[in-house]
Amino acid sequence: MNKTFPGMLEHYVVSYVKDEAGMSKETLRAYYSAIEQYIIWLKETRSIGIKDIEVTQFSKENIKSFLSYIETERKVSVATRNLRRAALVAFLAFASEVNPLYANAYIEAKKIKNKKAPKPKKDFLTIEEYQALLESIDISTKAGFKHYILIHIMYDTAARVDETVRMNMEDFSFGKENSVVIFGKGSKYRRVYLTKHTVKLIKEYSQKFNLEKGAMFKNRCGNRISDSGIDYILKKYAETASEKQKTLVSKKVSPHILRRSKATHMLLNGASLPVIQRFLGHESIQTTEAYLDIGSEAMIKVVEEAGKLIFKDTSEETVSSWKDPGILKRLKGMVK
């Protein structure tokens, strides 16, 4: 292997990350984006081209300056800043094994601490808000019917946006057990069971648009829908629904809110955390607990519902400007 920076970067992207480290395509894309941004930053601030990059350019001071730049000048979030740091450290860990000259750079980079990000607001839709969202869709049109099915499937399966993009008609099974197999985070599969109502909608959708195999959701051009396309569709109907359901105005409606809403509704309906954990595809139940940080009002409802199971006799009521023509362009095509 060529132990220059371009040579190591090529091996890292082409072979190591996918074949040896077993990282997902999403992780590879995120890590490569961080390295690419760092290379562009070196070009613009230090006048150093990719072929001239060596270990000295990965000093602790340089990396800290880069992280400060993307946070203050590029206005990325703290979470994104921390992800860029992790990507650079991961690459230097690999480089230090290939070329011992990078060992000290790796050790120093690891000393750069993650910034503590403010706790994000974990919105979820109430049942009324979700119904208002669906009711805002004109299902008498082809586009409206497609969008209705898209939003309903995302909610009912609690699928992540990238999981929804990858859904194929062949992933669905109907019969004794109606279900869909979802290819999710960490390149793992999980089976999610469907309600009879959802099965009826999918069959109607399949018949109307003659879909038997291939991408379940497509854009106007007939290509597989993108995550940005899904985000646009959801925000469009959320804006319309907010005219009647005013509580939607204060909520950031995104594809992920459907996933959290489904999990929250399951919790409020008495589902246990282990069941929700498996449904969402979380590795750890601690992740599920943190994910369902739904506030005191919702928790009060859960306690009340649980109490009814015990006290059944009570009568209470339910309350980029630089483009490299060489290696960067070629490698970028490999992570798409």
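**Loops, cores and a buried histidine**

Q: Is Lys75 buried or exposed here?
A: Lys75 counts as exposed because its relative accessibility is 66%, where exposed means over 50% relative accessible area, buried under 20% and partly exposed in between, with a 1.4 Å probe and protein chains only.

Q: Before I go on, what kind of model is this?
A: The model is predicted, so local features are used only at pLDDT of at least 70 and side-chain atom pairs only at 80 or more, while totals for chains, interfaces and linings use all residues. Numbering starts from 1 along each chain as its sequence is written, and side-chain values use heavy atoms, with hydrogens and water left out.

Q: Back to Lys75, then: where is it?
A: Lys75 is placed in the loop between helix H3 (60-72) and helix H4 (78-98), with helices (H or I, at least four residues) and strands (E, at least two) taken as DSSP runs numbered from the N terminus.

Q: And what is its phi?
A: The phi of Lys75 is near 60 degrees, which is a positive value in a residue other than glycine.

Q: What about Ala158, buried or exposed?
A: Ala158 counts as buried, because its relative accessibility is 0%. Its phi is near 55 degrees, again a positive value in a residue that is not glycine, and its place is in the loop that runs between helix H7 (142-157) and helix H8 (161-166).

Q: Changing topic, how many helices and strands does the chain have?
A: The chain has 15 helices and 3 strands, and of its 336 residues 43% count as buried.

Q: Which residues have the most contacts inside the largest nonpolar core?
A: Those are Ile149, Ile151, Met216 and Phe217, in a core of 51 residues; a nonpolar core is a set of buried Ala, Val, Leu, Ile, Met, Phe, Trp, Tyr and Cys residues joined through side-chain atoms within 4.5 Å.

Q: What does Ile149 touch?
A: Once residues up to four places away in sequence are set aside, Ile149 touches Leu201, Tyr205, Met216 and Phe217, where contact means heavy atoms within 4.5 Å.

Q: Where is His152, by the way?
A: His152 is in helix H7, and it counts as buried because its relative accessibility is 8%.

Q: Which residues does His152 touch?
A: Leaving out residues up to four places away in sequence, His152 touches Tyr130, His197, Thr198 and Leu201.

Q: What is Gly214 in contact with?
A: Leaving aside its neighbours within four places in sequence, Gly214 is in contact with Met167, Asn168, Met169 and Glu170. As for Arg224, which is 10 residues away along the chain, its C-alpha atom and that of Gly214 are separated by 9.0 Å.
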